[in-house]
Amino acid sequence: MDRVCWKLSLVFLVLLVSTCVEASFSYRMEDFISAVKQVEDEDPGSEPLAVLKRLRRAAEVNDPFIQYFLFSDLSGVPELAANLSDYIRKAVHHRVTEDAKEEGVVLTPDGTTVALRPLLLGIEAGLLAKTRGRVRGLYQLALARDLGLSLRQSPTVTRRLGPDGCWDNLSSPQVFTLSDSPSLLTTAQVNGGMDGVVLGLEVSDKSRRPLKLSNLLTEYYCHQLEGKGLDTAPRLISRRRRENFKRLGVPLLLTRQVVKSVQLQQSLTGQSNMERKEKKELMREVKEGMKEFVHMYMAVSSPYIGTPTNLALPLSFMFIHHTSTPSQPCLTFEQCSADMRSMQRFHQEDRGWDDIGYSFVAGSDGNIYEGRGWYWQGAHTLGYNSVGYGVSFIGDYSSVLPSQHAMELVRDQLASCAVGGGRLIPTFTLMGHRQVVNTACPGDALYSEIKTWKHFGSYGKSLRCTTRTEKV
């Protein structure tokens, strides 16, 4: 009798521990890395490639397309403990539910949401490479196959890429909800794909192959910025995702890989080879779709929240601000997000505005945050909100400058995105807040700096003042 009770107690204890372990994990990248460490600890001598295969078996990621490039028979790969396997499957297996919940994604410390499947496939492909930089299947596994599915949708489909979304909780995220109707390639999948390409190419160099997968992920996603932000940060971190991806000269290469992926998919499913005319039409579709991809994911784009008043685009001006309060630069996504919420509360509750007043806000964490956005009138430069965008740097720049990286984001990337997207005229004028309103903003140091920027101009006849009682 005692032995039976002891066995029952043991079973209960195992179930309790299993439940607690699973409950302790959220869908933060840090928690996923902790799960990876558990897999590594089960077999301390295992190499990253063996760990990736165990993760892929647990997540049931092994269709014929993947097998074609990774030569993977996972039947002999050891299974994980049930509780750990269940978490890995939920964290890695990607899908979008009917109620717009996106699964298989995690929140990273830089504030972006990343799909794990393309990330891990890219790294595995890179580890299999025999020659540095020549990674078989890298672009197809990480990004090109999903891009091919998305870019070949019917012309009647309004959204081919995106959207992003919101987590239910930032400290312990469990549910990620898309902000709009989903396409076949969400922003989280693109982020994971870009990271998979960047890290896959990195580890294809044998001298850079990590001892542990958890170390690679920690160094890439969890680097803590210091006082000068990204100016002194390492090259290979997630906050530099887009600039690293752009350096690869991806668009033309990716276009070819998307076409090859579509053709391979047809071959693997037993369909006949494409005729010449069909290949030509496919290339045309992909090239056209890649323009949208480059504009959305190699520039700046975010969802809008608020009560809009439409702008008449393109605009002619960009006004530069600093926040003064908060007076210090924000170096992490958590701090920048808190600063954005604080400013939004102040603008809405104290000033009675519809939303945060700025069009965009630049943090020192490597991100530009959307306020009113591209299409809706802001409340940033009294009397002139309908003729220009208001872009503010978080921090007081009366005597010091924002980080060089933050200034480059605004001066080069945001401005280029605005012109390229038809939101600013090519000959737009850039001005400091103080030039049109009686204020010290954007601070003496920052104002002296922007006077050296291309497009800087002074008050002139071309600036058409609007009514002083504009809607805010």
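Good morning. A charge is said to sit over a ring if NZ of Lys or CZ of Arg is within 6 Å of the ring centre and within 35 degrees of the ring normal. In the predicted model before us, Arg 411 lies over the face of Trp 453, at 5.6 Å from the ring centre. A second case involves Arg 136, whose charged end sits over the ring of Tyr 68, 4.9 Å from the centre of that ring.

Let me stay with the aromatic residues. A pair of aromatic rings is described by the distance of the centres and the angle of the planes. The structure holds 12 aromatic pairs. One of them joins Tyr 68 to Phe 69 in an edge-to-face arrangement, with 5.0 Å from centre to centre and 85° between the planes. Are these two residues buried or exposed? Tyr 68 counts as partly exposed, because its relative accessibility is 39%. Phe 69, in contrast, counts as buried because its relative accessibility is 7%.

Another edge-to-face pair is formed by Trp 374 and Tyr 389, with centres 5.4 Å apart and planes at 85°. Trp 374 lies in the loop between strand 9 (368–370) and strand 10 (388–393), while Tyr 389 belongs to strand 10, so the pair ties together parts that are 15 residues apart in sequence. Trp 374 is buried, at 5% relative accessible area, and Tyr 389 is buried as well, at 1%. Elsewhere, ring pairs link Phe 25, Tyr 27 and Tyr 87 into a cluster.

Helix 7 covers residues 138–151, and its 14 residues should span 20 Å at 1.5 Å a residue. The C-alpha atoms at its ends are 19 Å apart, which agrees with that expectation. Where is the kink in helix 7 centred? The kink, of about 50°, is centred on Ala 144. Helix 7 is also mostly covered, since 13 of its 14 residues are buried.

Helix 14 runs over residues 404–420 and has 17 residues. From its first C-alpha to its last, helix 14 reaches 23 Å, close to the 24 Å expected at 1.5 Å a residue. This helix has a kink of about 30°, centred on Val 410. Val 410 is itself buried, and other buried residues of helix 14 include His 405, Met 407, Leu 414 and Cys 417. An α-helix has 3.6 residues a turn, so residues three or four places apart point the same way. Just after helix 14, Gly 422 takes a positive phi of about 75°.

Next, the empty space inside the model. Rolling a probe the size of a water molecule over the atoms shows where empty space is left. Which helices each supply at least two residues of its lining? They are helix 3 (48–59) and helix 6 (116–128). Among the residues that line the largest cavity are Leu 52, Leu 55, Arg 56, Val 92, Arg 117, Leu 120 and Glu 124.

My last point concerns Val 436, placed in the loop between strand 11 (424–432) and helix 15 (444–450). Val 436 is buried, because its relative accessible area is 13% and buried means under 20%. The C-alpha atoms of Val 436 and Tyr 384 are separated by 8.3 Å, although the two residues are 52 residues apart along the chain.

Thank you for your attention.

Technical notes
Residues numbered from 1 in each chain as written. Predicted model: local features only at pLDDT ≥ 70, side-chain atom pairs only at ≥ 80, totals over all residues. Heavy atoms only, no water. Phe/Tyr/Trp six-rings, centres within 6.5 Å; stacked < 30°, edge-to-face > 60°. Buried < 20%, exposed > 50% of the residue type's maximum accessible area, 1.4 Å probe, protein only. Helix = DSSP H or I, 4+ residues; strand = E, 2+ residues; numbered from the N terminus. Expected span 1.5 Å × (residues − 1). Bend = angle between axes of the 7 residues up to and from the residue. 1 Å grid on protein atoms, 1.4 Å probe; cavity = no way out; pocket = protein on both sides within 12 Å on 5 of 7 lines; lining within 4 Å.
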